[in-house]
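Subject: Structure for your files, with notes

Hello,

Here is the structure I said I would pass on. Please look it over, then read the notes below.

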Amino acid sequence: MKMNIRHHLNDALLMSYAAGSLPEAFGLVVAAHVSLCDDCRARLESFEALGGALVEAEPGAEMGEAALAQVMARLDGTGESQPARAPRKAGILPAPVATYVGGDLDSVKWKPIGMGVRQAILPTSRRATARLLYIPAGQAVPDHGHRGTELTLVLHGAFRDATDRFGPGDLEIADEDLQHTPVAEDGADCICLAATDAPLRFAGLVPRLLQPLFRI
Amino acid sequence: MLLEPHTSQFADGRRLLRPYVAQAKGIAVASKGIVALSQEQETDWSALMLAVRDGRDRAAFALLFRHFAPRVKSYLMKSGASAAQAEECAQDVMTTLWQKAGMFDPARASVSTWIFTIARNRMIDMVRRDRRPDPEPAPWDRDAEPDQAEVYAAAEESRALTAALADLPEKQRSLIQRAFYGDLSHSEIALETGLPLGTIKSRIRLALDRLRARLSES
């Protein structure tokens, strides 16, 4: 399926992902978007080429005297390893997301978080949190701001907020300055992959009380 | 000159490669014209890597090791590994190069880029103690035989990038380097240099723009 993607990864995210410094949860959103977006895949490859050029330009640190001999000796015992089977997408879930879910959308263990909205936290390192969000058509996600960065990738349906419309494959990058109320478009339920590096900050009282409970 | 060969950088490799080319049967590709780069008198790391991939050529591996292992080691140390960790890890990375040689595709990446991605993944395990989910492989990754023109274009791009990087003013190059693989976030760079965060971000953007401009000239 060819997607008409209008909202892409920025240089900072692609560079950090290429460099390997993003927390796992953000890396998952980047990997999922790149799986859907040929433009960002090409930009990612050029940042990796930049990494290669930087390594090439390194002055080099001297290796131990016996290093080459040790490695050469090790080669005798090591054949050629077969590449692991590449993960495949499962329905609307891009391959990296399907890997974390362990299957397609039917395998997601949703938990209701109020107003028909459901979420499933994915198992990543605790430096940041990744979750799938299910927002019924026409429903708003409670008004919230962010202490850190929030990435939201649309996998199905679409949502709108004060900034724009986000459809399948689109990525919204929200920082602490954005206080927004995403609303799922009428017609189709909206399913997103979101990552946050700090708890969301809800404007209303009740959601804030529930935050620790739901890890949102 | 943008594409002037970096003679000092490649001097050793060239000296080593000449007798090697004379004896090697491993570089079968030479006869097909891939080694066009040798006109520029630079070591053709791709050809050596193909000799490892297709001929399990140990002499070619040794040349790759001498060039890349020390570079991988200093990359790892700049990313926060201790000297001992970096030494061990650089050896692992080079062993992986031998084991996964079958996955090397000169149409997609230069040897330095491929080695960088292997080293980066080990660094994430070892230094960051985190994981990095990979994208789904592109459909064209499964193509069996790369086009010779693509192989040549990829090598050209890689050389142009190395040249453009070398051509950047030292301050810009070091900023890209630190933003790219120092263990420093932008805010930590700001702390160290005393420059406000907004300035750092715009300077990194400027450095990247300049790099792009250099590349489009070439």
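Predicted model: local features only at pLDDT ≥ 70, side-chain atom pairs only at ≥ 80, totals over all residues.

Residues are numbered from 1 along each chain as its sequence is written, chains are lettered from A and ligands numbered from 1 in the order in which they are written, and side-chain values use heavy atoms, with hydrogens and water left out.

Chain A

Chain A has six helices and eleven strands; here helices (H or I, at least four residues) and strands (E, at least two) are DSSP runs numbered from the N terminus. Of its 216 residues, 52% are buried, where buried means under 20% relative accessible area, exposed over 50%, and partly exposed in between (1.4 Å probe, protein chains only). A contact means heavy atoms within 4.5 Å. Taking the contacts in chain A with a separation of 6 or more, 67% are between residues 24 or more positions apart. The accessible surface of chain A is about 9800 Å², with 53% of it supplied by carbon and sulfur atoms; such areas come from the Shrake-Rupley method with a 1.4 Å probe, and for residues only the protein chains shown count as cover.

Chain B

Chain B contains nine helices and zero strands, so the pattern along the sequence reads α-α-α-α-α-α-α-α-α. Buried residues account for 48% of its 218 residues. For contacts between residues at least 6 apart in sequence, 64% link residues at least 24 apart. Chain B has an accessible surface of about 10600 Å², and carbon and sulfur atoms hold 51% of that.

Helix contacts

Two packed helices are described by the angle between their axes and the distance between the axes. The axes used here are lines fitted to C-alpha atoms, for helices over the stretch in contact, and angles run from 0 to 180 degrees between N-to-C directions. Angles under 35 degrees count as roughly parallel, over 145 as roughly antiparallel, 65 to 115 as roughly perpendicular and the rest as oblique.

Within chain B, the axes of H4(B) (residues 83-99) and H5(B) (residues 111-128) come within 10 Å and cross at roughly 135°, and the two helices are therefore oblique to each other. On the H4(B) side the contact is made by Gln85(B), Cys89(B), Asp92(B), Val93(B), Thr96(B) and Leu97(B), and on the H5(B) side by Trp114(B), Ile115(B), Ile118(B), Ala119(B), Arg122(B) and Met126(B). By class these are eight nonpolar, two polar and two charged residues; Ala, Val, Leu, Ile, Met, Phe, Trp, Tyr, Cys and Pro count as nonpolar, Asp, Glu, Lys and Arg as charged, and the others, Gly among them, as polar.

Between the chains, the axes of H1(A) (residues 11-19) and H7(B) come within 8 Å and cross at roughly 65°. H1(A) and H7(B) are therefore roughly perpendicular to each other. Met15(A), Ala18(A) and Ala19(A) of H1(A) meet Ile176(B), Ala179(B) and Phe180(B) of H7(B). This contact has six nonpolar, no polar and no charged residues.

Single residues

Gln172(B) is also in H7(B), which spans residues 170-181. Gln172(B) counts as buried at 14% relative accessibility. Leaving aside residues up to four places away in sequence, Gln172(B) touches Leu206(B), Ala207(B) and Arg210(B).

Arg159(B) sits in H6(B) (residues 148-167) and is buried, with a relative accessible area of 14%. From C-alpha to C-alpha, Arg159(B) and Ser110(B) are 9.0 Å apart in space and 49 residues apart in sequence.

Leu93(A) is in the loop between H4 (67-77) and H5 (95-101) of chain A and is buried, with a relative accessible area of 0%. Its contacts, not counting residues up to four places away in sequence, are Ala98(A), Val101(A), Gly103(A), Asp104(A), Leu105(A) and Leu155(A). Leu93(A) and His156(A) are 63 residues apart in sequence and 9.2 Å apart, C-alpha to C-alpha.

Two residues other than glycine have a positive phi. Met115(A) has a phi of about 55° and lies in the loop between S1 (111-112) and S2 (118-122) of chain A. Arg129(B) has a phi near 50°, is found in the loop between H5 and H6 of chain B, and is exposed, with a relative accessible area of 68%.

Regards
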